[in-house]
Amino acid sequence: MAASSNDFNSWKEIGLDDCRAMLRKFRDDNERRSEEIVELYEECLDSKMHKLGNEKWIVYEQVCIAALDCARQDIAQKCIAALRHQFPDSSRVRKLIGMQHESLGSFEKAEKVYDSIQQTDESNSHVRKRRIAMLRALRKVPEAIVELNTYVKQFMSDYEAWLELCDLYISENDYTKAAYCIEELLLSNPHNHLYHQRYADIRYTQGGMENIELARAHYAQAVALNSNNVRAMYGLFLSASNVASAPKCAGQKKKDNIKYAMWAANQIHERYQKMMNKDNDKQMKAVEEMLESLQLASVN
């Protein structure tokens, strides 16, 4: 079993095997723990990279990206130099050089590097994503949307790209297209509670009775898939309260939505009770008052 970062008081206490295991875990879990990776490199790996065998090359790449995140150009340059010496014609190394230009604000140089990579490898998805990230960094949102739309047509199974496109549409207040992006994700992964929650958030923001009822349904599905999703419970509470308070809502439909809202409120209350000290009445009263104010706001 690999050691975790919490098992040590200082990185200097970590042996080479534990350090290697932690970096592997970060890669396997797709965790971008940049500050920790840089500290591990400085305290444990810098003078021992030769002991990693062939694994040192992927570690150099991992450390380089982390160093760029932390603005440690000295470490990034050292990693790039080692990788360029070993792999002089590698597109992965050239991508790192492009990322280094980005981190220094030299976007034109980065663009030239990415262009040269795409000339030899048009299907390189990583480079295309870097170009999109660069457009977003330059606040060229419409251009980024165009590029990302072209990208998802070719790489339709890239869930992160659909989420990014959704974020871009939301930043432009285009909620209809943002909802379409999440619908694509729901079609391929209907059991992901976060997609249902995200879709419900968008529909609730759009407003209107039809959208709020749709939001309520997806908040309910998110809670059904993950009973610990408190945000979805809040959404269910607010959407059901809104539907119940609508002038055209009457009869059984009104009773059902009041029941949904009360159930969600009780679930939220129970979870706060479990988390808080039972003797802390002030905190529980604050939660109760918050739920009551939310209900009143949704009615108004």
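**Helix packing and salt bridges in a predicted model**

Let's start with one residue. Ala-66 is found in helix α3, which covers residues 55–69. Keep in mind that this is a predicted model.

Is Ala-66 buried or exposed? Its relative accessible area is 2%. The cut-off for buried is under 20%, so Ala-66 counts as buried.

Which residues does Ala-66 touch? Set aside its neighbours within four places in sequence, and its contacts are Ser-34, Ile-37 and Val-38. Look at Ser-34. Ser-34 and Ala-66 are 32 residues apart along the chain, yet their C-alpha atoms are separated by 4.2 Å.

Side chains of opposite charge can pair when their charged atoms come close. In this model the count of salt bridges comes to 22.

Here is one of them. Glu-55 pairs with Arg-27, with the closest N and O atoms 3.0 Å apart. This pair links distant parts of the chain: Glu-55 sits in α3, while Arg-27 sits in helix α1, residues 16–28. Glu-55 is buried, at 14% relative accessible area. Arg-27 is partly exposed, at 24%. There is also a network here: salt bridges link Arg-20, Arg-24, Arg-27 and Glu-55.

Next, helix α9. It runs over residues 159–171. How far apart are its end C-alpha atoms? They are 19 Å apart. At 1.5 Å a residue, its 13 residues should span 18 Å, so the two values agree.

Which residues of α9 are buried? They are Ala-161, Trp-162, Leu-165, Cys-166, Leu-168 and Tyr-169. Look down the helix axis. The buried residues fall within an arc of 165°, so they line one face of α9. What do they pack against? The partners are α7, α8, α10 and α11.

Asp-158 caps the N-terminal end, with a side-chain oxygen 3.2 Å from the backbone nitrogen of Glu-160. After the helix comes Asn-173, whose phi is positive, near 60°.

Lys-129 is partly exposed, at 28% relative accessibility.

One last pair. Arg-203 and Glu-183 meet in a salt bridge at 3.2 Å, N to O. Arg-203 lies in α11 and Glu-183 in α10, so the pair ties together parts 20 residues apart in sequence. Arg-203 is buried, at 14%. Glu-183 is partly exposed, at 27%.

Key:
Residues are numbered from 1 along each chain as its sequence is written. This is a predicted model: local features need pLDDT of at least 70, side-chain atom pairs count only at pLDDT 80 or more; totals for chains, interfaces and linings use all residues. Side-chain values use heavy atoms; hydrogens and water are left out. Helices (H or I, at least four residues) and strands (E, at least two) are DSSP runs, numbered from the N terminus. The expected span of a helix is 1.5 Å times one less than its number of residues. Buried means under 20% relative accessible area, exposed over 50%, partly exposed in between (1.4 Å probe, protein chains only). The arc is that of the directions from the helix axis to the C-beta atoms. Contact means heavy atoms within 4.5 Å. A polar contact is a pair of N or O atoms within 3.5 Å; within protein, one must be able to donate a hydrogen and the other to accept it, and residues adjacent in sequence count only if both atoms are side-chain atoms. A salt bridge is a side-chain nitrogen of Lys or Arg within 4 Å of a carboxyl oxygen of Asp or Glu.
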